[in-house]
Amino acid sequence: MADRVFRGFTQQGLNFLQQVRQENSKEWFDDNRKIYDENLLTPFRDLVSDLSDTMLKIDDRFETRPAIGKTLSRINRDTRFSNDKSRYRSRLWLTFKRHSPDWKDAPVYFFEISPDAFRYGLGYYSASRATMDRFRHLIVTRPQAFREATACCKPPFELVGDSYKRTLIKDAPADVTNWYNRKSFAVMATSLQIEQIFDARLVPLLEKGFTRLAPLYHFLMQAEALKAIPLEDL
C-alpha cells in the first residue's frame with residue numbers, strides 16, 4: 001500500500017468553521033481563504049485519495065476524484081430557495097457515490113465534520129417515495145437478504161431518518177417495521193471525540209466503518225436496479 005498522504009485536520013480548521021457561523025461575509029472569507037485551503041480543503045482532498053482504493057473495492061464505479069463537486073462539498077451555500085441566507089457552511093463533507101442524475105435519491109457513503117463533531121455512514125440524502133417503495137419491496141420479497149444486509153448496522157452506527165406516523169406494514173417484527181416505515185434514512189456513526197480527526201488514524205477508522213456497511217450498500221443497489229421496472233410491475 002502506498003504511503004498515506006492524509007495527515008489529519010487541524011484545530012485551526014475547526015476554528016475557521018466555528019467563525020463562519022458568526023462572520024459569514026465574503027470579505028471575511030477572502031481574508032481567511034488560506035486557512036480554508038490549507039486546513040480544510042487540502043486535508044479533505046488527501047483523505048479522499050487515501051480512501052479511494054478501499055471504496056473502489058466496494059464499488060468500482062464510485063466517483064473518487066478529490067475535487068469539489070465530485071467527492072467534496074462546496075463551502076458556498078445555495079441560498080436561492082432557502083430562508084437561511086448565510087453565504088458559507090459551517091460543516092463540510094465528502095461522499096463516495098456513483099454518477100447519478102439525482103444523487104440525493106441514491107445510496108451515498110459520507111464523512112462530515114463540524115466545529116465540535118464528526119459523523120460518517122451510508123444512506124440517502126433524501127430518498128424519493130418511489131425509491132423507498134422499491135426498498136420496501138425488497139424487505140418483503142427478500143427477507144433473509146435484508147436481515148443479512150442490516151446485520152452490520154450495530155453501534156457505533158444507528159439508523160436515523162423520519163418515519164411515517166402510520167404503520168405501513170402489519171404484524172412485522174419491530175426491527176423490520178423500524179426500517180420499513182422510514183421516509184428516507186441513513187446509517188450513521190456520530191462522535192464528539194473530535195481529536196480523532198487530527199491524525200492519519202482517521203483513515204483506517206473510516207475504512208473499517210465503510211467496509212462494514214458494504215452488505216447494506218449492495219442491498220440498496222439492488223433497489224437501484226429495480227428503478228428500471230415500473231412499481232406496478234414489481
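Visitor: Which residues are buried in helix α7 (residues 202-212)?
Guide: This is a predicted model, in which local features need pLDDT of at least 70 and side-chain atom pairs count only at pLDDT 80 or more, while totals for chains, interfaces and linings use all residues. Residues are numbered from 1 along each chain as its sequence is written, and side-chain values use heavy atoms, leaving out hydrogens and water. Helices are DSSP runs of H or I with at least four residues, strands are runs of E with at least two, and both are numbered from the N terminus; buried means under 20% relative accessible area, exposed over 50%, and partly exposed in between, with a 1.4 Å probe and protein chains only. In helix α7, the buried residues are Leu202, Val203, Leu206, Glu207, Gly209 and Phe210.

Visitor: Which elements do the buried residues of α7 pack against?
Guide: Contact here means heavy atoms within 4.5 Å. Leucine 47, for instance, touches Leu202, Val203 and Leu206, among others. Taken together, the buried residues of α7 pack against α3, β2, β3 (117-123) and α8 (214-225).

Visitor: To which backbone oxygen does the side chain of tyrosine 109 reach?
Guide: Tyrosine 109 belongs to strand β2 and counts as buried because its relative accessibility is 0%. Among the residues that tyrosine 109 touches are Met55, Leu94, Phe210 and Ala214, and a polar atom of its side chain lies 3.4 Å from the backbone nitrogen of alanine 214. A polar contact is a pair of N or O atoms within 3.5 Å; within protein, one must be able to donate a hydrogen and the other to accept it, and residues adjacent in sequence count only if both atoms are side-chain atoms. At 2.9 Å, the side chain of tyrosine 109 reaches the backbone oxygen of phenylalanine 210.

Visitor: How far from the sulfur of cysteine 152 is the nearest cysteine sulfur?
Guide: A disulfide is a pair of cysteine sulfur atoms within 2.5 Å, and a search of the whole structure finds zero of them. Cysteine 152 is in no disulfide, and the nearest cysteine sulfur, that of cysteine 153, lies at a distance of 3.8 Å.

Visitor: Is serine 191 buried or exposed?
Guide: Serine 191 sits in strand β5 (residues 186-191), and its side chain reaches the backbone nitrogen of glutamine 193 at 3.0 Å. Leaving aside residues up to four places away in sequence, serine 191 touches Ala117, Phe118 and Gln196. Because its relative accessibility is 13%, serine 191 counts as buried.
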